[in-house]
Amino acid sequence: MWSDVAQRPAVSAPLATDATDTPYRKASAVTQGFLQIDRLSKAFVPPKPVFADVSFTLDKGEFVCIIGHSGCGKTTILNVLAGLDTATSGTVIMDGREVAGPSLDRGVVFQSHALMPWLTVRQNIAFAVKSRWPDWKKSQVDAHVEKFVALVGLSPAIDKKPSQLSGGMKQRVGIARAFSIQPKMLLLDEPFGALDALTRGTIQDELMAIVRQTQQTVFMITHDVDEAILLADRILLMSNGNETPEGYRPGGIAEVVVNPLPRERTRTSLHHLDGYYALRNHIVDFLVTRAKAH
Amino acid sequence: MTPAKNLNLRAGLLSVLIFLALLGIWYIATASSGAGNSTAGMTAEQIEYAKMMGKDPGASAKGSGFPTLAEMGRTVWGHVSNPVYDNGPNDKGIAIQLAHSLGRVALGFGLACLVAIPLGFVIGMSPLLRRAFDPFIQVLKPISPLAWMPLALYTIKDSSISGIFVIFICSVWPMLVNTAFGVASVKRDWLNVSATLEVNPLRKAFLVILPAAAPTILTGMRISMGIAWLVIVAAEMLVGGTGIGYFVWNEWNNLSLTNVIFAILVIGVVGMLLDLAFGQLQKVVTYVE
């Protein structure tokens, strides 16, 4: 909807043919991919969009990581997918329907865990569960909450306030909350960014186990190359916008890397797998030489 | 004994010592004024001259007029032992006077809550309204509440209701400003969470924004209550009739300083208790991030 409004005044002769193409694209959305992002762009300063022409698709059950330097617009893309932000142009279609605002269909795990500090772990998750199923009885809500708290191994701390938990435990609650509403897909904004390396490793394992078990579709932002290789089926490499001799070039997805490693990989044996170093070097090379950080 | 307890004990002990020292100073100051000054050593002409100059050397022998500790003690005991009596408009027990003052404060403050908290909520949520209301709040806030009194008396025509109005108008601003500020500065993350959970506006207001802003709102209420208790004394001095402020003024007219001092102490203690109560409420809604 917003994209229509944004595009309409800008419709010029070449774009008009694109507009007529759109119904066809929408119709084929289900077969093409569960989540379709089409020519997304965001400009805070009109002539210089942060990113432009970002298109990619996610299949059901797929785990996709996006990696890039600060300021390339990763979080903006995620917020647009979540419906918390709007793009300047382009469309996002999930499950055949355009994303036009926040929805219970897309669970979000925020970098800063975003738990309500005046509620206990149980109440925080129950708040989400009651929002998803307002008609549920208290016993039903309780059982559901307990199930998801157990999933992240926090049953002993269920009646504690977030301030009594460690950073890793808080992020586990955030993950449990996002899973508890059983969304069609999960959006994770650098969920482990603020955690120490050891805790990060454990929670990565837990997240991977839950995702494999629930067949969840996941889109995740990360800065950590190993994390991306461990978790993702595909890795989107994003470049920053930069000035070239030919003029300003907006940021965008420079490359999509399909993870060749077997899906049953584990964190402890990851670096022994064939192809791991080649993949890692490729991504690090991209970040160092091609992504153009500022 | 834990260090914290030990510190409390020592602080308490010191408080008692300071209190005793103050009583001691009072005792010495009032006792010495009685001695010395007398007509002894003055000729009749000198006494006559002193009287012509408006001084009464005989009277000064009775003391400075400032009550002694013993007189003060008797007054305090008189009030405390019989707080509830009503011998007509100018002679009511201290508890009755206090009840009148507290009643006015409660009414004015309660009305202010009913206006300031919902209005502050709306102002805090809407940047447009915040800017639109800002000039009014900035102009009205610094006005001394008593400056409203003539206007209130003229329009309302009832002194008691005017007093309540003055309490209302002075309580409204801190609550309004704090509520708006608290609501406006609710963390973006919590609002994003409720947005992604498709929480309806009413549920969001009561379950997310209200608890998030509650500590700030309560700070505003605490400030308002403090101001209301300051203002009620002045307001009752003006409108008269009943209340602790009127009591102070009436006893000043009676030149009964012991009663005035007693009233001052009572005002202080009640103000402290009100503040303590709000402090406790604040503790209940405060959260640790």
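**Exercise 1. Decide whether helix 6 of chain B lies largely in the open or is buried.**

Solution. Begin with the burial count, in which a residue is buried if 20 or more other C-beta atoms lie within 10 Å of its own, exposed if 12 or fewer, and partly exposed in between, with C-beta atoms placed from the backbone. Of the 14 residues of helix 6 of chain B, the number buried is zero, so this helix lies largely in the open. The model is predicted, so local features need pLDDT of at least 70 and side-chain atom pairs count only at pLDDT 80 or more, while totals for chains, interfaces and linings use all residues. Residues are numbered from 1 along each chain as its sequence is written, and chains are lettered from A and ligands numbered from 1 in the order in which they are written.

Next, check the length, taking helices (H or I, at least four residues) and strands (E, at least two) as DSSP runs numbered from the N terminus. The expected span is 1.5 Å times one less than the number of residues; for helix 6 of chain B (residues 127-140) this gives 20 Å, and because the end C-alpha atoms are 20 Å apart, the two values agree.

Finally, look for a bend, defined at a residue as the angle between axes fitted to the seven residues ending there and the seven starting there. Helix 6 of chain B bends by about 40° at F133(B), and the proline P135(B) follows within four residues.

**Exercise 2. Identify the buried residues of helix 11 of chain B and what covers them.**

Solution. In helix 11 (residues 244-253) of chain B, the buried residues are I244(B), G245(B), Y246(B), F247(B), V248(B) and N250(B). Their cover includes helix 5 (94-125), helix 10 (201-239) and helix 12 (257-285) of chain B, where contact requires that the C-beta atoms of two residues, placed from the backbone, lie within 7 Å. After helix 11 of chain B comes L255(B), with a positive phi near 60°.

**Exercise 3. Work out the strand order and the edges of the four-stranded open sheet in chain A.**

Solution. The order is 2-1-4-5, with antiparallel pairing, where two strands pair if DSSP finds at least two bridges between them. Strand 2 (51-58) and strand 5 (97-98) of chain A are the edges, each pairing on one side only. Strand 1 (residues 35-42) of chain A is joined to strand 2 by five bridges, and L35(A) has L58(A) as its bridge partner in strand 2.

**Exercise 4. Describe the side of chain A that touches chain B.**

Solution. The contact takes 18 residues from chain A and 15 residues from chain B. Strand 6 (106-109) and helix 5 (121-132) of chain A each give two or more residues to this side, and helix 5 of chain A gives the most, with three. The predictor gives the complex an ipTM of 0.81 and a pTM of 0.81.
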